[in-house]
Amino acid sequence: MVEIPYNVEPRPDTGLYNAKLGIWLFLASEVMLFGALFSAYILLRSGDPNWYHADLNVPMATLNTMFLITSSVTVVMAWASLRLNDFAKFRLYGIVTFLLASAFMVVKAIEYNEEFTHGLYPATNNFMAVYFTMTGLHGLHVLGGMVVIGYLLGPGAKMWKTEPQRFTNRAETFGLYWHFVDLVWIFLFPALYLL
Amino acid sequence: MSVPEEKFVEEAGHDDAHAHGEHHDESFIWKYVFSTDHKVIGIQYGLTALCFLLFGFCLMIMMRWQLASPGAPIPFIGGFLGQANAPGGIMLPEFYNQLGAMHGTIMVFLAIVPLIVGAFGNYLVPLQIGAPDMAFPKLNMASYWVYFIGGVVMLVSFFLPGGAANSGWTSYAPLSIIATMGQTAWLIGMIFLITSSLLGSTNIIVTIFQLRAPGMTWMRLPFFIWAQLVTSFLLVLAFPPLEAAGAMQLMDRLAGTSFFMPSGLYVSGQVLEYAGGGSVLLWQHLFWFLAHPEVYVLILPAMGIVAEVIANNTRKPLWGYKALVYSSVFLGFTSFIVWAHHMFMTGMGTVISAFFQTTTMIISIPSVVILTAMLISLWGGSIRFNTPMLFALAFLPMFGIGGLTGLPLGLAPTDIHLHDTYYVIGHFHYVVAPGTIFGIFAGIYYWFPKITGRHMSELLGKVHFWTSLVFINGVFAPMFLQGLAGVSRRLYDGGAQYSHAQPVLHLNTFISYSAFLLLAAQTVFIVNFVWSIFRGKRATSNPWGATTIEWTATTSPPLGHGNFETPPRVYRGPYDYSAPGAEDGFIAQDAAPQEG
Amino acid sequence: MSGHSPEEIQAEVRTYLMVFGALAVLTVVTVAVSYLDLSSGPAITLALIIASIKGSLVAAYFMHLLDERKLIYSILLLTVAFFIVLMAVPAATIADTTGTVIHGAAPAAPAEH
């Protein structure tokens with residue numbers, strides 16, 4: 001494969017390395033993706049006089065919020081550790097991030113199960129439709145993130161020995177994605193559970 | 001705004017050392033099938049998309065047969081279409097609807113955009129800006145194969161029970177929610193295609209920002225690059241809402257949700273088992289939020305191609321380069337706030353309707369500026385009427401007609417009469433068919449020598465051009481008359497059952513025969529294209545005497561890894577034709593300034 | 001990025017922990033506010049404000065937007081503009097309608113004729 005400039009060092013006039021610009025563009029597209037779902041929620045709810053709001057499990061969702069916020073801290077600490085040349089700390093923080101993400105998914109699974117047992121399915125009414133679709137899509141993004149952390153901690157970690165700066169950049173790039181996943185939840189939580 | 005040369009040289013030099021060791025024994029699979037080389041990927045996109053273009057055209061040919069002779073068995077292939085579609089070779093209305101929906105979908109998402117962005121964009125962007133490849137070569141490869149899978153899903157849908165999607169390329173709810181299985185395949189296919197597009201457009205943007213060669217400042221970029229940049233921004237920001245909407249439609253169809261299903265729907269006398277409370281307009285908003293910017297995606301790269309060909313064949317710089325650049329950027333931005341002009345008939349109030357009419361009128365301004373700048377560019381030019389130039393020249397009035405006929409559609413009072421009639425079909429086909437597709441042909445004839453090292457036949461090219469020009473107008477011009485008479489779109493008998501359609505019904509035969517002749521004219525192109533790859537006259541490295549560095553800084557094809565033997569450095573703007581001191585009638589962008 | 005020396009990075013780490021604290025507190029506030037039983041207008045506004053503060057903290061400090069490049073800001077500004085269009089305009093077409101509304105609430109503004 002051809003050697004591409006500015007994969008590691010930033011280009012002087014833009015001040016960015018390639019993947020950083022790439023990930024922000026991807027996040028911009030994700031803003032529009034989740035934006036469409038928020039827009040759908042606004043349109044459906046304001047247009048329906050018979051809007052039914054289920055009583056979802058606020059304590060569980062609050063716990064999940066804390067899991068994600070904490071994982072945002074651990075992921076940025078993981079990146080800071082790499083910049084301090086401490087691969088062991090990176091691995092530690094990375095594993096904690098993975099565990100927090102798993103905890104989030106477990107709580108979500110319990111919630112979904114609870115809802116199904118009470119006869120609340122996506123088809124039940126539009127609130128449940130919005131709830132399942134938005135948290136489902138968000139959950140898929142959490143899962144995707146877990147796959148990437150797994151890669152960076154596992155087979156991908158080889159790059160730390162050969163190209164440490166590029167590996168650090170990858171950790172930063174992933175961190176940006178992960179913070180975005182947290183950001184979406186910060187808005188989803190009040191929108192679906194509290195309002 | 002310039003970049004230290006040493007940085008570039010160092011990286012590219014590093015590549016040469018690498019290249020030698022690594023690429024000797026690449027198997028066929030890694031070299032041609034799963035290649036990460038943007039040139040190979042560009043060709044993959046190009047060939048695949050051309051096949052889809054032909055296939056989409058053939059779907060329309062079947063429709064035109066039905067419209068010219070409703071109820072007559074389709075010749076040659078009628079017997080092979082199956083009992084479910086055409087018993088006794090006679091097209092069923094359900095099959096006509098499938099053809100209509102899939103013709104639109106395939107042309108827009110599987111043919112045109114993959115051609116102008118996936119093929120031309122991928123192949124030329126790195127070359128024109130002096131980069132060794134795209135910023136993310138592996139992502140590039142992924143984007144092609146995801147597109148390919150999406151295409152396969154779309155094609156396979158024809159063989160599902162109930163056939164392919166049949167609710168129009170617009171897939172309006174609630175029809176699309178209760179439609180046959182093919183609609184689910186359409187939605188899944190779209191998710192693959194949208195993902196491919198997001199990967200590709202992100203790649204193009206990062207490449208243009210990050211990998212410009214030293215000296216390639218923003219205002220020295222060929223207009224083709226600006227067009228690709230704006231287009232990619234449109235794709236990155238406008239496609240995701242449709243992906244979300246597609247996911248919601250899948251939920252409605254598969255999980256029984258009611259995102260788009262209002263309460264109290266009856267179908268064939270039966271109450272539908274849905275919770276209701278949904279909004280059909282929600283689908284329309286999210287769909288058109290993409291689909292309007294999408295039409296600018298369809299036209300901008302073609303304008304980019306036409307600009308390059310015009311500058312080259314007038315032997316003078318483009319007039320109004322800055323106007324072109326600012327207009328494209330303004331056009332891109334405004335395209336996000338006009339979408340509901342597709343929804344004037346949905347009961348919007350006058351305030352919101354006035355908003356969209358105003359923005360729609362405003363957006364016509366940059367299009368006119370671009371068209372005018374290209375027209376003025378011809379003035380005083382030393383015009384060479386080769387095949388690419390003929391297509392580029394024809395683009396101008398054809399796009400003009402397309403644009404002008406959009407005006408009564410963008411104003412609500414006239415849209416009341418013209419919405420959903422053949423007038424709309426005439427309008428958008430003029431922009432995309434003798435518009436964009438002519439731009440594509442111009443680009444193919446123009447860059448063929450760089451890609452293959454051979455020329456296409458000028459004689460066959462001119463035959464292809466003149467026949468296509470005549471017949472394509474024969475197909476679409478009469479549609480305006482039919483639309484003005486009130487003939488609706490998507491009628492499988494072309495309006496035969498309506499009294500208001502009777503005076504213009506005869507035009508169906510004329511249109512259909514023009515279409516058949518247009519198809520025949522394309523065989524000239526196909527023969528020329530294939531034959532020239534193997535037996536075309538050998539081309540030099542810069543046969544058209546062009547200034548841009550994909551011509552001047554590269555060797556004769558095949559171009560190798562890293563594209564440039566020595567990394568290019570840019571010293572001037574893109575169109576220094578007939579400049580003082582130009583020996584061959586042009587100065588290349590990467591020609592060092594003369595001393596003294 | 002900004003700090004390369006270990007001291008600068010340690011300073012960043014301290015910032016991260018402070019932001020974490022703020023986020024935790026704001027989460028508690030978010031839930032507490034929901035028990036106030038406000039009517040929908042003020043409830044939505046307040047929830048949005050708190051969520052925006054939390055989101056801004058994540059974006060500014062964890063995602064380093066505070067010291068990010070102009071190019072990134074421009075892309076995000078563009079995105080936010082279109083995001084607002086996507087939120088506001090479809091809902092506006094529901095509010096301003098003509099004729100009889102078949103489903104959903106009656107329009108907020110009087111229907112134009």
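The legends below describe close-up views of a predicted model, and each one takes up a single part of it.

**View 1. The contact between chain A and chain B.** In this view two chains meet, and the contact takes 45 residues from chain B and 35 residues from chain A. On the side of chain B that touches chain A, the elements that give two or more residues are α1 (5-22), α7 (182-210), α8 (223-255) and α9 (280-314) of chain B. Of these, α8(B) provides the largest share, which comes to eleven residues. When the residues on this side of chain B are sorted by class, 27 are nonpolar, 13 are polar and five are charged.

View 2. Chain C has three helices and zero strands, and its pattern, read along the sequence, is α-α-α. The chain is divided into domain 1, which covers residues 1-67, and domain 2, which covers residues 69-98, and the C-alpha centres of these two domains of chain C are 23 Å apart. Chain C has 113 residues, of which 23% count as buried. Among the contacts in chain C with a separation of 6 or more, 37% are between residues 24 or more positions apart. Where chain C meets chain B, the contact takes 16 residues from chain C and 18 residues from chain B. The side of chain C that touches chain B is made up of eight nonpolar, six polar and two charged residues.

View 3. Leaving aside residues up to four places away in sequence, B:V113 touches B:V108, B:V297 and B:L298. For orientation, B:I61 is 52 residues from B:V113 in sequence, and the two are 21 Å apart in space, C-alpha to C-alpha.

**View 4. The crossing of helices α12 and α14 of chain B.** Helix α12 (residues 387-410) and helix α14 (residues 422-452) of chain B have axes that come within 8 Å and cross at roughly 160 degrees. Since angles over 145 degrees count as roughly antiparallel, α12(B) and α14(B) are therefore described as roughly antiparallel to each other. The crossing of α12(B) and α14(B) is left-handed, and by class their contact has 18 nonpolar, nine polar and no charged residues.

**View 5. The loop between α5 and α6 of chain B.** The loop shown here runs between α5 (137-156) and α6 (175-178) of chain B, and B:P174 lies in it. The peptide bond that leads from B:A173 to B:P174 is cis, with omega near -5 degrees. B:S171 is also placed in the loop between α5 and α6 of chain B, and although B:S171 is not a glycine, its phi is positive, at about 45 degrees. B:S171 counts as buried because it has 25 C-beta neighbours inside 10 Å.

**View 6. The loop between β1 and β2 of chain B.** B:S268 is found in the loop between β1 (266-267) and β2 (270-271) of chain B. Phi of B:S268 has a positive value, near 50 degrees, in a residue other than glycine. B:S268 counts as exposed because it has 5 C-beta neighbours inside 10 Å, and a residue with 12 or fewer is called exposed.

Notes
Residues are numbered from 1 along each chain as its sequence is written. Chains are lettered from A and ligands numbered from 1 in the order in which they are written. This is a predicted model: local features need pLDDT of at least 70, side-chain atom pairs count only at pLDDT 80 or more; totals for chains, interfaces and linings use all residues. Two residues are in contact if their C-beta atoms, placed from the backbone, lie within 7 Å. Helices (H or I, at least four residues) and strands (E, at least two) are DSSP runs, numbered from the N terminus. Ala, Val, Leu, Ile, Met, Phe, Trp, Tyr, Cys and Pro count as nonpolar, Asp, Glu, Lys and Arg as charged, and the others, Gly among them, as polar. Domain bounds come from an automatic or database domain assignment. A residue is buried if 20 or more other C-beta atoms lie within 10 Å of its own, exposed if 12 or fewer, and partly exposed in between; C-beta atoms are placed from the backbone. Axes are lines fitted to C-alpha atoms, for helices over the stretch in contact, and angles run from 0 to 180 degrees between N-to-C directions. Angles under 35 degrees count as roughly parallel, over 145 as roughly antiparallel, 65 to 115 as roughly perpendicular and the rest as oblique. A crossing is left-handed if the near helix is turned anticlockwise from the far one by less than a right angle, and right-handed if clockwise.
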